[in-house]
Amino acid sequence: MAQNVILCQFCEISKEISWKCFNCDIVLCNKCIKIHSKFGGSKDHCIIDLKQARTPENLDIIRKFNLNNIHCTTHKEERCPLFCQDCIKPVCSFCVIEPEHKGHNFDKLSTVYSNQLAELRNIKERIENYSGLTESLKECTSTSDHYNEIKEKIIQRERELKKKVSEEAAVIIGELDKLIIPSKDAFMEVKLKIQEKESTVKKTNKLIDEALQSHQANYILETIGKVDKHLQLNVNADDIPLVQKFTLTLPASLGINFGSVKECSILRVINTYETNVLCIKKLKSLKDGTLVFLYEKGGDQFIAHSDIQGDKCTVKFKTCILSSIWKGKGKVNMTVTEDDVILFATDMGSNSNKILCMNAYDERLKKIEFSKASTKTYTLNSGIHSFYMNLET
C-alpha cells in the first residue's frame, strides 16, 4: 500500500520535517525554519520542535496558542476572551450583551484556564501519590480469592465424604448379599411354587363363589367338574426355607465430621517503631500515652516506661523487678488499672501471694502481701486504692 510522504510545506522539497508553526499551520524543514524566522511578525508565532512536541513545556505553549484562538460558537468570526461561569463555556465580547447571558458571571478565559489547569494537576498529583485504592482493591481481591479457596475446599470435602459414604454403603450391601446369596436360589424356587398354588386356590375359590351365588342349579353341576376336589392347601414345611431376617445397626447420630469454618481475626499494621529492646511483653498504655512493658536482659526482668518519638520507641526509665524485690526467678504478669497504677504478680513459690504496685509516674516499687481472700488498702501518690484478692493456695 502506498504511503503519503509529508514534504516541507514551505519549500515543498525536503522530507526532513522538524518544525511546525501553529500560526501559519504549516510544517517546515530545518532550512525553511530559518527563512520563516525572517518574516515580519514571525517572532511571535507558536513554533514547536516536533521531536519535543509532547514535553510538558511545549504542550503548555500549544494549549495557550489554542486558548487564544478559540472561536465563539455563536459569533463564528469572534474569538473568546471571556468565560461564562453560568453556562460553563468560552464566550466572545458580543455574547456578554446577548439576552441568554443576562445576569451571568464572566471571568477572563486565561484566568479560568490557569485555575482549572492547576486544579487538574493537583488532582493528578493526589491520585498518583495515593495508593489506598490499590491497597483496598488488593485486600478485597485477597478476601474474594480466599473465600473462593475455602469454598472449593468445602466442595472438595463434600465430594470426599460422598465418595466415602458410597463406598461404605457398597461394603454393607456386599455383606448383606453374602448373607442371602447361599440360600437365595432355593428360596426363590419355593416362592414361585407357593405363588402358583396361591393363584390356583384363588381361581378355584372364585368359581365356587360364582356357582354358589347363581340361581341356576345346572351351574352347580357344571362347576363341580371344573374344580379339583382334592385341592391341597397345605405347603410341605420341609420345602420352605427357615425364615431369615437381617438387621442394620445405625449410629446414634447422623452427624458427619465435615469440618468447621470460622472468621479469622483481621490484623493490620498501623505503624512500626524501632527500639533497642529485643523482646517486649505485656505492653500497656497509660492515659497520657506513655507505654509500659516488660522485657528481659541478663537474666533479670525489667519494667520500662517509654514513649513514641517519630519512628522510635524511646525508654524514659526502667526498673528491675525480680533481682531487687523478689530475689528469684519466675514468670511475671503485669496489668495497669484505670487510674494508672501498675500491678505485678509472679508464680514463684513463696512469692506467688505477693503483688508489686507502682504509681505509673514514679520509679518506686512497693511490695504488698495478700492472704487468701483478704483485703488490703495502701497509699500511693495517686491516692488510696483498695484491692480485693482471692488467691488459691
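**Exercise 1. Is Phe65 buried or exposed?**

Let's start with a single residue in this predicted model.

*Solution.* 
- Step 1: Look up the relative accessible area of Phe65, which is 15%.
- Step 2: Recall the cut-off: buried means under 20%.
- Step 3: Phe65 is therefore buried.

**Exercise 2. Find the aromatic pairs in the whole structure and describe how their rings are set.**

*Solution.* 
- Step 1: A search of the whole structure gives two aromatic pairs.
- Step 2: One of them joins Phe10 and Phe39, with 5.7 Å from centre to centre and 45 degrees between the planes, and this pair is tilted.
- Step 3: Now place these residues. Phe10 belongs to the segment before strand S1 (17–21), while Phe39 sits in the loop between helix H1 (30–36) and strand S3 (47–49), so their pair ties together parts 29 residues apart in sequence.
- Step 4: Check their surroundings. Phe10 is partly exposed at a relative accessible area of 31%, and Phe39 is partly exposed at 43%.
- Step 5: Turn to Phe22 and Phe65. Their ring centres are 5.9 Å apart and their planes stand at 55 degrees, so this pair is tilted.
- Step 6: Phe22 is in the loop between S1 and strand S2 (26–29), and Phe65 is in helix H2 (residues 56–68), so the pair ties together parts 43 residues apart in sequence.

**Exercise 3. Which residues form the largest nonpolar core, and which element gives the most to it?**

*Solution.* 
- Step 1: The largest nonpolar core has twelve residues, including Leu67, Phe83, Val91, Leu109 and Tyr113.
- Step 2: Strand S4 (82–84) and helix H3 (109–129) are the elements that give two or more residues to this core.
- Step 3: H3 gives the most, with four residues.
- Step 4: Zoom in on Val91. Leaving aside residues up to four places away in sequence, Val91 touches Cys80, Pro81, Leu82, Phe83, Cys84, His101 and Phe106.
- Step 5: Apart from this core lies another, of eleven residues, among them Leu294 and Met358.

**Exercise 4. Describe the two largest pockets and their linings.**

*Solution.* 
- Step 1: The largest pocket has a volume of about 680 Å³.
- Step 2: This pocket is lined by 17 residues, and the closest to its centre are Thr143, His146, Tyr147, Glu263 and Cys264.
- Step 3: Sorted by type, that lining has seven nonpolar, four polar and six charged residues.
- Step 4: The second largest pocket has a volume of about 420 Å³.
- Step 5: Its lining has 16 residues, with Val165, Glu168, Ala169, Ile172 and Pro251 the closest to the centre.
- Step 6: In the lining of the second largest pocket, nine residues are nonpolar, four polar and three charged.

How values were computed: Residues are numbered from 1 along each chain as its sequence is written. This is a predicted model: local features need pLDDT of at least 70, side-chain atom pairs count only at pLDDT 80 or more; totals for chains, interfaces and linings use all residues. Side-chain values use heavy atoms; hydrogens and water are left out. Rings of Phe, Tyr and Trp (its six-membered ring) pair if their centres lie within 6.5 Å; planes under 30 degrees apart count as stacked, over 60 as edge-to-face and the rest as tilted. Buried means under 20% relative accessible area, exposed over 50%, partly exposed in between (1.4 Å probe, protein chains only). On a 1 Å grid over the protein atoms alone, a cavity is a set of points where a 1.4 Å probe fits but cannot get out, and a pocket is an open set with protein on both sides within 12 Å along at least five of seven lines; lining residues have an atom within 4 Å of a point. Grid points are joined across faces, edges and corners, and a volume is the space filled by probe spheres set on the points. Ala, Val, Leu, Ile, Met, Phe, Trp, Tyr, Cys and Pro count as nonpolar, Asp, Glu, Lys and Arg as charged, and the others, Gly among them, as polar. A nonpolar core is a set of buried Ala, Val, Leu, Ile, Met, Phe, Trp, Tyr and Cys residues joined through side-chain atoms within 4.5 Å. Contact means heavy atoms within 4.5 Å.
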